[in-house]
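These are my notebook entries on a single protein chain. I record what I looked up, one topic at a time.

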Amino acid sequence: MPPGAVAADTTQQVHVSPYGSAKKFYVDVAFKCKDCGADEVWTGEQQKWFYEVAKGSLYATAVRCRDCRNRLNDQRELQRKQMDAADEAKRNG
Ligand SMILES: [Zn+2]
């Protein structure tokens, strides 16, 4: 295991294919945010949480920085609220 790597619990990972290889450990991954181009690091700890707790696909990887993810979540939340409000207006005629 490389220094600084986080040990993986392969029994908690979601295997989409029996031939896919499990991740034995997680190392920090540097990537560029696809929305704003910011240089970001997806840490081993975050990967462990994503793959083992959030049950993310082993083929998925981080593409957006925290700011852009938060903005996206806010937008979805806002859209949901607007739709709720529209439904409410319809019901009230
Ligand atoms: Zn970003």
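I take contact to mean heavy atoms within 4.5 Å. With that cut-off I looked up Val 6, leaving out residues up to four places away in sequence, and found that Val 6 touches Met 1, Phe 25, Tyr 26, Gly 44, Glu 45 and Lys 48.

**Entry: basis of the model**

I note that this is a predicted model, in which local features need pLDDT of at least 70 and side-chain atom pairs count only at pLDDT 80 or more, while totals for chains, interfaces and linings use all residues. Residues are numbered from 1 along each chain as its sequence is written, and side-chain values use heavy atoms, with hydrogens and water left out.

I checked the confidence next; pLDDT is the predictor's confidence in each residue, from 0 to 100. The protein has a mean pLDDT of 93, and 99% of its residues reach 70 or more. I took helices (H or I, at least four residues) and strands (E, at least two) as DSSP runs, numbered from the N terminus. Confidence is highest in strand β1 (residues 6–7), at 97, and lowest in helix α2 (residues 66–91), at a mean of 94.

**Entry: nonpolar core**

I define buried as under 20% relative accessible area, exposed as over 50%, and partly exposed as in between (1.4 Å probe, protein chains only). A nonpolar core is a set of buried Ala, Val, Leu, Ile, Met, Phe, Trp, Tyr and Cys residues joined through side-chain atoms within 4.5 Å. Which residues make up the largest nonpolar core? I found eight: Val 6, Ala 8, Tyr 26, Phe 31, Trp 42, Tyr 51, Leu 58 and Ala 62.

I followed one of these core residues, Leu 58, into the loop between α1 and α2. Leu 58 counts as buried because its relative accessibility is 12%. Beyond four places in sequence, Leu 58 is in contact with Gln 13, Val 14, His 15, Ser 21, Ala 22, Lys 23 and Tyr 51. Its C-alpha atom is 22 Å from that of Asp 35, 23 residues away in sequence.

**Entry: zinc site**

I counted as donors the N, O and S atoms within 2.8 Å of the metal (3.2 Å for Na, K and Ca); water is not among the atoms, so sites may look incomplete. The zinc ion has as protein donors the SG atoms of Cys 33, Cys 36, Cys 65 and Cys 68, lying 2.3 Å from it. Along the chain these donors follow the spacing C-x2-C-x28-C-x2-C. Cys 36 lies in the loop between β3 (29–32) and β4 (39–42) and Cys 68 in helix α2, so this pair ties together parts 32 residues apart in sequence.

Four donors count as tetrahedral if all angles lie between 85 and 135 degrees. The angles among the four donor atoms are 104 to 114°, and the site is tetrahedral. The ideal angle for four tetrahedral donors is 109.5 degrees.

Is Cys 68 buried or exposed? Cys 68 is buried, at a relative accessible area of 2%, whereas Cys 36 is partly exposed at 45%.

I also looked up Ala 38, in the loop between β3 and β4. Ala 38 is partly exposed at 26% and, beyond four places in sequence, is in contact with Phe 31, Lys 32 and Cys 33.

**Entry: helix α1**

Gln 47 lies in helix α1 (residues 44–53) and is buried, with a relative accessible area of 5%. I searched for polar contacts, meaning pairs of N or O atoms within 3.5 Å; within protein, one must be able to donate a hydrogen and the other to accept it, and residues adjacent in sequence count only if both atoms are side-chain atoms. The Gln 47 side chain reaches the backbone oxygen of Val 27 at 2.8 Å.

Gln 46 is also found in helix α1, but is partly exposed at 28%. Its side chain reaches the backbone nitrogen of Thr 43 at 3.0 Å.

Glu 52 lies in helix α1 and is buried at 8%. Beyond four places in sequence, Glu 52 is in contact with Ala 8, Asp 9, Gln 12, Gln 13 and Tyr 26.

**Entry: backbone at Lys 55**

Lys 55, in the loop between α1 and α2, has a positive phi of about 60° although it is not a glycine. Most residues other than glycine have a negative phi. Lys 55 is partly exposed, at 40% relative accessibility.

Definitions and conventions. Four donors count as tetrahedral if all angles lie between 85 and 135 degrees; four count as square planar and six as octahedral if opposite donors are over 155 degrees apart and all others between 65 and 115; anything else is irregular.
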